[in-house]
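Subject: Structure handover

Hi,

Here is the structure I promised to pass on.

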Amino acid sequence: MAADWKQKCDSQWQLGAHGVPMPASVDWKSVFEKKPFERNLLQNPSPYGVNHTVPPPEPPRSGMPPPPNQPPQFEPDGNFSGWKSSTEVLPHDTSGIPPGVVVCHLPQYRWFSLEQCVDLKAEGLWDQLLDDFQPEIIIEDWYEESQLHKSIYQLDVKLLGADGKTVIKQHTYNPEENLECYSHTWKKVSHAFSKYGSGVRYIHFLHRLKNQFMVEFFNTKVTDSSIIIKTSKLVSLNFSI
């Protein structure tokens, strides 16, 4: 019965105790089966097959071009299922080269973008929850400190309306790296959306990673990306690290 599924949801996530609206019109069996709270709503959160609890692998640096029968690599290796990917080739930077100087190789940089759009109602959330209660939405990401460039990572997360286009709230992050001393680790990025207003139905998540080709291919990896809906609406600090 519907009341039984509603009770199961309340027991599972303590919805009533948190003041979450629980109208009878909601399909509580579907909510219980989809389990929309406290889980990652992104598909394939670690497309490079690594995680942030293990140091990122050191890139091979032979300094030699690929064999003649082997085409050069311009795209990263990984399983990018669940993500929409795209590449933007950036123009060569010749600003620091004096006139008349011949350069054999210049680094070629490319932005590699990965994006997903999460349908919150399809994941088991309901209108009254999103419009009236407005639970916290926690974003987390980990990118590799590849030191390929001073700008190697960008994040853009949008909370969208029912049309999938109207931006209700947005968070962007574009850090600059310190290249003066060598460091190769994972860097955490985190943000909490709260009190974002009514009408949110989709979350568009996009991060861009800078890759480099100069004789060999080097990339910037990302891992453990997540979108998590909390059963609370406590005001927390919005931060990026």
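Before the notes, one term: a contact means heavy atoms within 4.5 Å. Among contacts in the protein between residues at least 6 apart in sequence, 80% join residues at least 24 apart.

Some housekeeping: this is a predicted model, where local features need pLDDT of at least 70, side-chain atom pairs count only at pLDDT 80 or more, and totals for chains, interfaces and linings use all residues. Residues are numbered from 1 along each chain as its sequence is written, and side-chain values use heavy atoms, with hydrogens and water left out.

Now the overall picture. The protein has three helices and nine strands (DSSP runs numbered from the N terminus: H or I of at least four residues for helices, E of at least two for strands). From the N terminus on, the order is α-α-β-β-α-β-β-β-β-β-β-β. Of its 241 residues, 42% are buried, meaning under 20% relative accessible area with a 1.4 Å probe, protein chains only. The accessible surface (Shrake-Rupley method, 1.4 Å probe) comes to about 12,800 Å², and 54% of that belongs to carbon and sulfur atoms.

Then there's a sheet to look at. Three strands form an open sheet in the order S6-S3-S9, with antiparallel pairing (strands pair if DSSP finds at least two bridges between them). S6 (186–193) and S9 (222–229) are at the edges with a single partner strand each, so one side of each has no neighbour in the sheet. Strand S3 (residues 137–144) pairs with S6 in the antiparallel sense over eight bridges. For one of the residues, Asp141, the bridge partner in S6 is Val189.

Cheers

Technical notes: Buried < 20%, exposed > 50% of the residue type's maximum accessible area, 1.4 Å probe, protein only.
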